[in-house]
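This briefing covers a pocket, aromatic contacts and a surface patch. Please look at the model before reading on.

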Amino acid sequence: MPISQIAVGRREEATHPDALKAAAAEFFSTLIFVFAGQGSGMAFNKLTSDGATTPAGLVAAALAHGFALFVAVSVGANISGGHVNPAVTFGAFIGGNITLLRGLLYWIAQLLGSTVACLLLQFATGGLATGTFALSSGVGVWNAVVLEIVLTFGLVYTVYATAIDPKKGSLGTIAPIAIGFIVGANILVGGAFDGASMNPAISFGPALVSWDWTNHWVYWVGPLIGAGIAGVVYELLFISHTHEPVPSSDF
């Protein structure tokens, strides 16, 4: 069972050079991802004078996030595993593939990376507002929670299949692009309804910088539940449980 593989980790791990390097990699990867993703939305708003979202704008957002995540995961993969997302880290933890202490380091780095990216965007664009995630008209909070659960399940299931599964073989080489593709596809599905976050970090930075926390909890609860389910399902069904918990950056 995945629960039997969950490990807190040793106290020394929080200050170990490898763990700190991994956290730094998560910071920079998340900064790259959020800067490109948020920046594309801010550019669209400038070009349309804050006009209504159009199908072309949704496609542009999906492409920008998909491409940026492909790069962000790629540049962090060999150092931290390229999580770039607290939900991915949580899913890996639930499956026993990262310790609690290292996971918390990743979370801190990811949230800081998102916040710094939004501050840089706000400064570089002359004070333009970063776009916070919000529910569309007619979409209730529980509709959005379920949507985020399903979207994030798909993302973390893809991460497990292409990056974590020890049987992945050569499939691991395409993990970053597969992860970018599923995020882009999911934005095409959910972007018109709740923004399709799938990532608490990419929601946190804009909310903090804009100080707009309306329904922000949705973008934590949904992704974390979806990620946890994906971790448990993939571990139970497809991964041999003879392996030991992975306390380092094997993913």
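How many aromatic pairs does a search of the whole structure find? The search finds eleven aromatic pairs. This is a predicted model, in which local features need pLDDT of at least 70 and side-chain atom pairs pLDDT 80 or more, while totals for chains, interfaces and linings use all residues. Residues are numbered from 1 along each chain, and side-chain values use heavy atoms, without hydrogens and water.

**Aromatic contacts**
- Rings of Phe, Tyr and Trp (its six-membered ring) pair if their centres lie within 6.5 Å; planes under 30 degrees apart are stacked, over 60 edge-to-face, the rest tilted.
- The Phe-27 and Phe-28 ring centres are 5.0 Å apart with planes at 80 degrees, so this pair is edge-to-face.
- One aromatic cluster is formed by Phe-153, Tyr-157, Tyr-160, Tyr-234 and Phe-238.

**Largest pocket**
- The largest pocket holds about 990 Å³ of space.
- Its lining has 44 residues, with Gly-41, Thr-53, Ala-61, Thr-132 and Gly-195 the closest to the centre.
- A pocket is an open set of points on a 1 Å grid where a 1.4 Å probe fits, with protein on both sides within 12 Å along at least five of seven lines; lining residues have an atom within 4 Å of a point.
- Helices H1 (17-47), H2 (55-77), H5 (141-164) and H6 (175-194) each give two or more residues to the lining, and H1 gives the most, with eight.
- Helices are DSSP runs (H or I) of at least four residues, numbered from the N terminus.

**Nonpolar patch**
- Ile-32, Phe-70, Val-71, Val-75, Leu-171, Ile-174, Ile-177 and Phe-181 form a nonpolar surface patch with about 650 Å² of accessible area together.
- H2 supplies the largest share of the patch, three residues.

Terms used
Points joined across faces, edges and corners; volume = space filled by probe spheres on them. Patch = residues over 30% accessible without salt bridge, like charges linked within 9 Å, V, L, I, M, F, W, Y side chains within 5 Å. Areas by Shrake-Rupley, 256 points an atom, 1.4 Å probe, with all protein chains shown as cover. Salt bridge = Lys/Arg side-chain N within 4 Å of Asp/Glu carboxyl O.
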